[in-house]
Amino acid sequence: IGGQNYVSADSVSGTVGKNKHMEAIAIQLTGEIKNKFDVYFRVHSSDFGWLGWAKNVESAGSEGYGKQMESIEIRLVKKGGQAPGSTAKAFVKK
């Protein structure tokens with residue numbers, strides 16, 4: 001289906017009832033919290049395993065490989081703080 005728009009809390013991201021999987025995700029904070037924290041997130045992708053940490057509006061996952069996300073880890077870090085781990089290869093594109 002391709003990229004989709006951001007959704008707010010308590011909303012569905014992706015599709016429902018179409019038997020499709022998600023390959024990548026981008027997360028952004030809104031409101032006052034975005035001024036105090038960065039959101040870091042990484043995904044476990046089939047065949048790739050755990051990828052690096054993406055930050056704020058960056059993408060994590062893959063594109064063009066057809067590899068589904070199997071898990072996601074999300075951490076809030078004080079604005080300007082150190083990433084929870086390597087940020088290399090957070091998103092892979094064919």
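How many bridges join strand S5 to S7, and do they run parallel or antiparallel? I looked it up: 3 bridges join S5 (residues 59-63) to S7, and the two strands run parallel. For my own reference, strands are DSSP runs of E with at least two residues, helices are runs of H or I with at least four, and both are numbered from the N terminus. Two strands pair if DSSP finds at least two bridges between them.

Before going on, I note that this is a predicted model, where local features need pLDDT of at least 70, side-chain atom pairs count only at pLDDT 80 or more, and totals for chains, interfaces and linings use all residues. Residues are numbered from 1 along each chain as its sequence is written, and side-chain values use heavy atoms, with hydrogens and water left out.

**Sheet**

I followed S5 and S7 into an open sheet of 3 strands, ordered S1-S5-S7 with mixed pairing. Its edge strands are S1 (24-26) and S7 (91-93), each pairing on one side only. From one strand to the next, the twist averages 25 degrees; the axes behind such angles are lines fitted to C-alpha atoms, for helices over the stretch in contact, and angles run from 0 to 180 degrees between N-to-C directions. I also picked out one bridge: glycine 61 has phenylalanine 91 in S7 as its partner.

**Whole chain**

I counted 0 helices and 7 strands. Of the 94 residues, 22% count as buried, meaning under 20% relative accessible area, with exposed over 50% and partly exposed in between (1.4 Å probe, protein chains only). For contacts (heavy atoms within 4.5 Å), I took the pairs at least 6 apart in sequence, and 63% of them join residues at least 24 apart.

**Strand S2**

I checked serine 45 and phenylalanine 37 here. Serine 45 lies in S2 (residues 37-45), and it counts as buried because its relative accessibility is 0%. Leaving aside neighbours within four places in sequence, serine 45 is in contact with Leu51, Ser62, Lys67, Gln68, Met69 and Glu70.

Phenylalanine 37 is also found in S2. With a relative accessible area of 26%, phenylalanine 37 is partly exposed. Its C-alpha atom is separated by 6.1 Å from that of leucine 76, 39 residues apart along the chain. Beyond neighbours within four places in sequence, phenylalanine 37 is in contact with Leu29, Leu76, Val77, Lys78 and Lys79.
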